[in-house]
There are 2 protein chains.
Amino acid sequence: MQLQQLRYFTAVADTRHFTRAAEREHVAQPSLSQQIRALERELGAELFHRARGHITLTDAGETLLPLARRILADTETARREVQEVAQLRRGRLRLGAPPSLCASLVPDVLSAFHATYPGVDLIVSEDGSQDLVRALADGELDLALIITPLPGQAPALATAELLREELVVVSAPGRPAPVAGRRTRIRVEDLRGRPLAMFRRGYDLREFTTAACRAAGFEPTFTVEGGEMDAVLGFVRAGLGIAVVPSMVAERSGLRVTPFATPGMHRVVSVAHRGDVSPPRAARELDRILRAHLADGTP
Amino acid sequence: MQLQQLRYFTAVADTRHFTRAAEREHVAQPSLSQQIRALERELGAELFHRARGHITLTDAGETLLPLARRILADTETARREVQEVAQLRRGRLRLGAPPSLCASLVPDVLSAFHATYPGVDLIVSEDGSQDLVRALADGELDLALIITPLPGQAPALATAELLREELVVVSAPGRPAPVAGRRTRIRVEDLRGRPLAMFRRGYDLREFTTAACRAAGFEPTFTVEGGEMDAVLGFVRAGLGIAVVPSMVAERSGLRVTPFATPGMHRVVSVAHRGDVSPPRAARELDRILRAHLADGTP
DNA sequence: AGCAGCGATAGGGACAGCCTATGGAGATCA
DNA sequence: TGATCTCCATAGGCTGTCCCTATCGCTGCT
């Protein structure tokens with residue numbers, strides 16, 4: 001049994017005419033007759049009463065017709081659905097990103113992606129890089145933005161550097177600046193003993209900041225800790241302390257921004273996906289939009 | 001898109017292995033790879049992530065899989081259903097017959113048919129020959145038993161003589177015999193003035209009997225008329241009159257049977273179906289059983 | 001009787017699908 | 001590190017199948 005044969009069969013059933021059915025199917029009449037014969041032979045039953053000028057379905061033909069129609073309709077559906085998914089008219093994209101990026105880069109990029117591919121469902125997992133890496137490896141995510149380098153060895157991931165993010169100190173505008181005198185830049189050592197508003201455990205920024213302080217020989221001082229990005233910015237705004245955040249976040253916070261002294265503080269954001277399989281088209285497309293967005297917004 | 005390709009596709013999806021899928025489908029591995037490639041090319045989307053030793057479905061593949069399974073299942077269903085209908089394991093047979101035959105021959109034959117083909121639904125239309133002929137031509141019946149010759153010209157029917165039925169007179173056992181003296185046979189003329197129990201209009205027997213009386217030069221006398229076969233036999237049993245019925249019916253009625261004098265009264269029963277199309281297999285099979293039953297029961 | 005319409009049949013050509021042989025990239029192990 | 005194995009992709013040849021044109025046979029109409 002072949003789909004072509006079912007198509008010919010329904011054409012004859014519709015037109016009640018071999019010649020006209022052949023025309024409809026853009027095939028010579030003998031070819032169509034032959035295929036119908038082949039189908040009948042395979043099924044072991046005549047499908048049509050071949051009376052002169054009066055082709056009608058046999059019992060077997062009547063039985064086959066609805067199933068043939070359904071099968072053909074399903075093939076059309078299959079073709080369409082696959083192409084819709086392939087062309088990103090439908091689908092799903094599971095993106096992981098650390099909270100700091102979810103508060104800055106991610107919304108803009110996802111907005112652009114959604115404008116281009118409104119049929120694709122977007123699912124964002126906001127988590128620390130290590131958890132994101134695990135989720136990627138477990139197939140729970142299609143793509144993740146992570147902070148590199150990772151402490152341990154990544155389990156079969158493909159990562160590509162995306163951007164170098166500058167870290168800055170934010171403080172409340174009405175309060176004394178975090179550095180005295182004419183200086184407009186801060187050093188890590190200046191954080192010693194300064195009250196910091198700190199993110200909850202799991203934030204890459206928390207690990208990064210404490211690691212930097214320890215490298216400078218002291219343990220950072222927290223006045224309040226445990227909140228998400230917005231909460232920490234709120235703490236700073238309320239004068240509870242200062243905080244180290246990416247410049248991208250700092251710029252849109254409305255807080256006083258103090259960059260670090262040369263060479264500054266940086267962290268590298270990379271795009272990661274499973275290394276053993278190529279990511280879904282939606283993921284590749286998001287990656288493209290990400291890079292376009294960065295190339296466009298930062299020159 | 002071809003059914004074979006969908007089969008190969010599901011085989012790979014099931015086994016997550018091209019080589020093993022090829023074995024399962026009894027085909028060389030390159031042939032299967034080629035067909036998958038062809039399917040992917042036609043759909044414009046990769047269906048599998050081809051990672052070493054780790055074949056997984058892409059989004060497009062995940063989308064296609066359930067539809068492919070359904071299509072393949074439908075083809076199997078189609079194959080099975082058509083063959084069941086063709087082999088009379090299922091189906092429908094619409095038989096028309098005049099009431100006199102429905103009271104005698106038809107139940108036995110349908111019983112035999114049903115014993116052989118229990119899956120075939122039997123639908124009986126009990127009606128006069130002329131109505132049956134019309135129903136046949138309109139495609140409402142597959143097969144009909146009719147009394148021949150028909151008065152008018154049959155509209156494109158194929159008829160084949162089935163049996164010659166002898167007509168006899170039935171009367172109530174406790175009543176005087178319809179013929180006096182030593183005679184055991186009756187003539188049509190003897191019906192003149194005799195009270196007859198007569199069938200409702202539409203019965204072939206009614207037309208046949210009145211026609212015979214008229215041919216003998218008199219109009220028959222009805223004491224009661226209008227019932228079906230059983231009712232008429234009941235009237236006779238109750239002594240309301242005598243009746244002309246086929247011998248086959250008379251024999252099982254328990255009434256006194258008086259045959260007609262030589263050459264007797266006969267009518268011819270034929271099997272009819274549409275002449276422009278061959279009847280369904282169920283109808284041909286019933287015809288066979290009919291003839292077998294008659295050859296078996298009357299020697 | 002002749003003609004037109006329609007489906008079946010015959011015969012030949014092109015192409016598709018299948019085969020075997022082989023290539024090439026990882027994984028495994030000595 | 002090199003040898004081997006596994007597994008999928010590619011190449012080339014062959015066969016079967018599908019489609020084509022030409023034609024036949026039958027039926028119904030003029």
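**Exercise 1. At what angle do the axes of helix 1 and helix 3 of chain A cross, and which class of orientation does that give?**

Start with the axes: helix 1 (residues 3-15) and helix 3 of chain A come within 9 Å of each other and cross at roughly 110°. An axis here is a line fitted to C-alpha atoms, for helices over the stretch in contact, and angles run from 0 to 180 degrees between N-to-C directions. That makes helix 1 of chain A roughly perpendicular to helix 3 of chain A. The classes go like this: under 35 degrees is roughly parallel, over 145 roughly antiparallel, 65 to 115 roughly perpendicular, and the rest oblique. Helices (H or I, at least four residues) and strands (E, at least two) are DSSP runs, numbered from the N terminus.

Before going on, a word on the model: it is predicted, so local features need pLDDT of at least 70, side-chain atom pairs count only at pLDDT 80 or more, and totals for chains, interfaces and linings use all residues. Residues are numbered from 1 along each chain as its sequence is written, while chains are lettered from A and ligands numbered from 1 in the order in which they are written.

Next, the residues. From helix 1 of chain A come Q4(A), Q5(A), Y8(A), F9(A) and V12(A), and they meet L32(A), Q35(A), I36(A), A38(A) and L39(A) of helix 3 of chain A. Contact means C-beta atoms, placed from the backbone, within 7 Å. Sorted by class, this contact has seven nonpolar, three polar and no charged residues. (Nonpolar: Ala, Val, Leu, Ile, Met, Phe, Trp, Tyr, Cys and Pro; charged: Asp, Glu, Lys and Arg; polar: the others, Gly among them.)

**Exercise 2. Work out how helix 1 of chain A sits against helix 4 of chain A.**

First, the geometry: the two axes come within 9 Å and cross at roughly 120°, with helix 4 spanning residues 59-86. Helix 1 and helix 4 of chain A are therefore oblique to each other. Then the hand: this crossing is left-handed, a label given if the near helix is turned anticlockwise from the far one by less than a right angle, with right-handed if clockwise.

**Exercise 3. Which element of chain B gives the largest share of the side that touches chain A?**

Begin with the totals: 34 residues of chain B are in contact with 34 residues of chain A. Strand 1 (48-51), strand 2 (54-57) and helix 4 (59-86) of chain B each supply at least two residues of that side of chain B. Helix 4 of chain B takes the largest share, with 18 residues. By class, this side of chain B has 16 nonpolar, 12 polar and six charged residues.

**Exercise 4. Which residues come nearest to DNA strand C, and which to DNA strand D?**

Of the 20 residues around DNA strand C, the nearest are F18(A), T19(A), P30(A), S33(A) and A28(B). Near means a C-beta atom, placed from the backbone, within 6 Å of the strand or molecule. Helix 2 and helix 3 of chain A and helix 3 of chain B each supply at least two residues of this surface. It divides into seven nonpolar, 11 polar and two charged residues.

Now strand D. Of the 20 residues around DNA strand D, A28(A), F18(B), T19(B), P30(B) and S33(B) come nearest. Helix 3 of chain A gives the most to this surface, with five residues. The surface near DNA strand D has seven nonpolar, 11 polar and two charged residues.

**Exercise 5. Where is H26(A) in chain A, and is H26(A) buried or exposed?**

Locate H26(A): it lies in the loop between helix 2 (18-24) and helix 3 (29-43) of chain A. Check the backbone: phi is near 55°, a positive value in a residue other than glycine. Count neighbours: H26(A) has 6 C-beta neighbours inside 10 Å, so it counts as exposed. The cut-offs are 20 or more other C-beta atoms within 10 Å for buried, 12 or fewer for exposed, and in between for partly exposed, with C-beta atoms placed from the backbone.

**Exercise 6. Which residues does a cis peptide bond join in chain A?**

The bond joins T148(A) and P149(A), with omega about 0°. P149(A) is in the loop between strand 5 (143-148) and strand 6 (157-171) of chain A.

Note on methods
Contact = placed C-beta atoms within 7 Å.
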